[in-house]
Amino acid sequence: MPRRTPSRIKKKRHIVCLTFDFDAISGFIARGQTSPSWISRGEYGPKVGAPRLLALLKKYGIKSTWFIPGHTIETFPEACEQVVAAGHEIAHHGWTHRPPASLSREEEEAELVRGNEAIKRLTGRAARGYRSPAWDLSPHSVELFLKHGFLYDSSLMGDDYTPYYARRGDVIELEKPAQFGQATALVEMPIHWAADDAPHFEFVRTETVHRQGLMNARLVGENWIGDFRYLRATMDWGVLTYTCHPFVIGRGARMLMLEKVIQEARKGGAVFMTMEDAVSEFKKRKA
């Protein structure tokens, strides 16, 4: 007889994953931005943003997922220990903050190993999930994630509310139809820039780049709430992932916005959980 999935897994359920890319100063260093001004922007995360976020999550009894580079773990150990002590999931975000697509296969694997060693020292176990810095995987990434025991990735944008199994072996050439590879056992937890705080808020001005950012937090929050309302209105089951950075979302008006998103989603019946737990529920539903 076919195996029955427990009714609590099959029932109508709308999951929200609050995720935090705890880059601290690593992202700036990876781009060669090492002057005191750039470094101070990153320091704001562990010094101010992270404690505020942990207090907010505690207020609402929410467990979240923190993607932490090894560089942050080793540079700001006390801040990372506070995240672990609060019961949040720690996932992999490289050791440096360099995108895998910019690395050789050997360099990418070395980043995975070194980052996991830092996470093991912090939590006592290897990370179950991975998110790419800048959300840009290489042709080798999925193969390496499987080799090193990851259960899920959260770097791709092939869906919005429905996890799926990541492919490997795509052949993409300009003058030929795309040849898509085979699905693997790696669960993809999709993300998107629209539900990421950095593109909306982070002001960047260099000699070659000018990103305005500094959007009205209330309006961005309305968009984020709208994403949840659409999920609830159109699907029986799904996962909505919000991506935040402590040095970005930790500013006052943005904290108020995030709290409003939490309140409105909760009113709409949202179930908040870690990404690892959401992956487990997705796999049970697919069984």
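Modeller: Happy to! A search of the whole structure turns up twelve aromatic pairs; rings of Phe, Tyr and Trp (its six-membered ring) pair if their centres lie within 6.5 Å, and planes under 30 degrees apart count as stacked, over 60 as edge-to-face and the rest as tilted. Please keep in mind that this is a predicted model, where local features need pLDDT of at least 70 and side-chain atom pairs count only at pLDDT 80 or more, while totals for chains, interfaces and linings use all residues. Residues are numbered from 1 along each chain as its sequence is written, and side-chain values use heavy atoms, with hydrogens and water left out.

Let's look at one pair. The ring centres of Trp135 and Trp193 are 4.4 Å apart and the planes are at 40 degrees, so this pair is tilted. The pair links distant parts of the chain, as Trp135 and Trp193 are 58 residues apart. Trp135 is buried, at 8% relative accessibility, whereas Trp193 is partly exposed, at 38% (buried means under 20% relative accessible area, exposed over 50%, partly exposed in between, with a 1.4 Å probe and protein chains only).

Now compare Phe145 and Phe150: their centres are 5.8 Å apart with planes at 70 degrees, so they are edge-to-face. Both of these Phe residues are buried. Elsewhere, Phe20, Phe22 and Trp66 form one aromatic cluster.

Methods: Helices (H or I, at least four residues) and strands (E, at least two) are DSSP runs, numbered from the N terminus.
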